[in-house]
Amino acid sequence: MFRTLTFAALCCSLVACHRTFGIPRDLVRDLPALASVRSVYIEDLTHGEDPHLVEGSDLVKEKINQKLTQSGRFAIVDRPDLADALLTGVAGFQRWYFGMESFFGLEGSLNTQYAGIGMVRLLDAKTKRPIWTHEYETGLFHPTQPVVDRVANQIAEKLLADAALAAERGASPPRQ
């Protein structure tokens, strides 16, 4: 019973302590600009944060790259000067330890909890103006799916869904 209450208290505190690491929280969906994006460069997704604080950013970046490439909607380029848009921000996970310690040290049981983090922006490569933003939303626990996959899938799927919506509306302006 005590462990259940401790776990519930920790989950509530994780939600309360959620932060987006200096990335503006204003959500942007510029569908006409998004419809014209064909190539994307994915920047480092630690956004200058301590790599011990935000872990798994490279894995999330790789999985987003794979998902966007497989979709065929975006070409992923390896240099920012070749891209129409830049995907930047913070994505990964935080590791939390909790549990009981004995009087003589760490003889009790410590458990590890992982919390997904994601706040990304798609910027116009020339003007650096935000085209699209997304903040990772925690959901129900998926014990068989790693947190890295949950973060990457949510970001990639939301971007692809919004790009499909933009194309559906025929919102493609002439490119200058």
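Here are some questions and answers about this predicted model.

User: Happy to start simple: what pattern of helices and strands does the protein follow along the sequence?
Analyst: Good place to begin. The protein has four helices and five strands.

User: At what angle do α3 and α4 pack?
Analyst: Two packed helices are described by the angle between their axes and the distance between the axes. Here α3 covers residues 57-71 and α4 covers residues 147-168. Their crossing is right-handed. The axes lie 9 Å apart, and the packing angle is about 40°.

User: How many nonpolar residues does the contact of α3 with α4 have?
Analyst: On the α3 side, the contact includes Leu-59, Val-60, Ile-64 and Leu-68. On the α4 side, Val-148, Val-151, Ile-155 and Leu-159 are among the residues taking part. By class, this contact has two polar and four charged residues, and the nonpolar ones number eleven.

User: Which tryptophan is in contact with Leu-87?
Analyst: Leu-87 is one of the residues with the most contacts inside the largest core. Leaving aside neighbours within four places in sequence, its partners include Val-40, Ile-42, Leu-45, Ile-64 and Leu-122. Glu-43 and Arg-121 are in contact with Leu-87 too, and the tryptophan is Trp-132.

User: Is Asp-162 buried or exposed?
Analyst: Asp-162 is found in helix α4. Not counting residues up to four places away in sequence, Asp-162 touches Arg-29, Leu-31, Leu-34 and Trp-132. Its relative accessible area is 3%, and the cut-off for burial is under 20%, so Asp-162 counts as buried.

User: How far apart in space are Leu-165 and Leu-31?
Analyst: Leu-165 also lies in helix α4. Leaving out residues up to four places away in sequence, Leu-165 touches Arg-29 and Leu-31. Leu-165 and Leu-31 are 134 residues apart in sequence, yet their C-alpha to C-alpha separation is 7.7 Å.

User: What phi does Lys-128 have?
Analyst: Most residues other than glycine have a negative phi. Lys-128 sits in the loop between β4 and β5. Its relative accessible area is 47%, which means that Lys-128 is partly exposed. Although Lys-128 is not a glycine, its phi is positive, at about 65°.

User: What separates the C-alpha atoms of Asn-111 and Trp-96?
Analyst: Asn-111 has its place in strand β4. With 31% relative accessibility, Asn-111 counts as partly exposed. Asn-111 and Trp-96 are 15 residues apart along the chain, and the separation of their C-alpha atoms is 8.2 Å.

User: To finish, what percentage of the protein's accessible surface belongs to carbon and sulfur atoms?
Analyst: Of the 176 residues in the protein, 41% are buried. The accessible surface comes to about 10,300 Å², and the part belonging to carbon and sulfur atoms is 56%.

Technical notes: Residues numbered from 1 in each chain as written. Predicted model: local features only at pLDDT ≥ 70, side-chain atom pairs only at ≥ 80, totals over all residues. Heavy atoms only, no water. Axes fitted to C-alpha atoms, helices over the stretch in contact; angles between N-to-C directions. Helix = DSSP H or I, 4+ residues; strand = E, 2+ residues; numbered from the N terminus. Left-handed = near helix turned anticlockwise from the far one by under 90°. Contact = heavy atoms within 4.5 Å. Nonpolar A, V, L, I, M, F, W, Y, C, P; charged D, E, K, R; others polar. Core = buried A, V, L, I, M, F, W, Y, C linked by side-chain atoms within 4.5 Å. Buried < 20%, exposed > 50% of the residue type's maximum accessible area, 1.4 Å probe, protein only. Areas by Shrake-Rupley, 256 points an atom, 1.4 Å probe, with all protein chains shown as cover.
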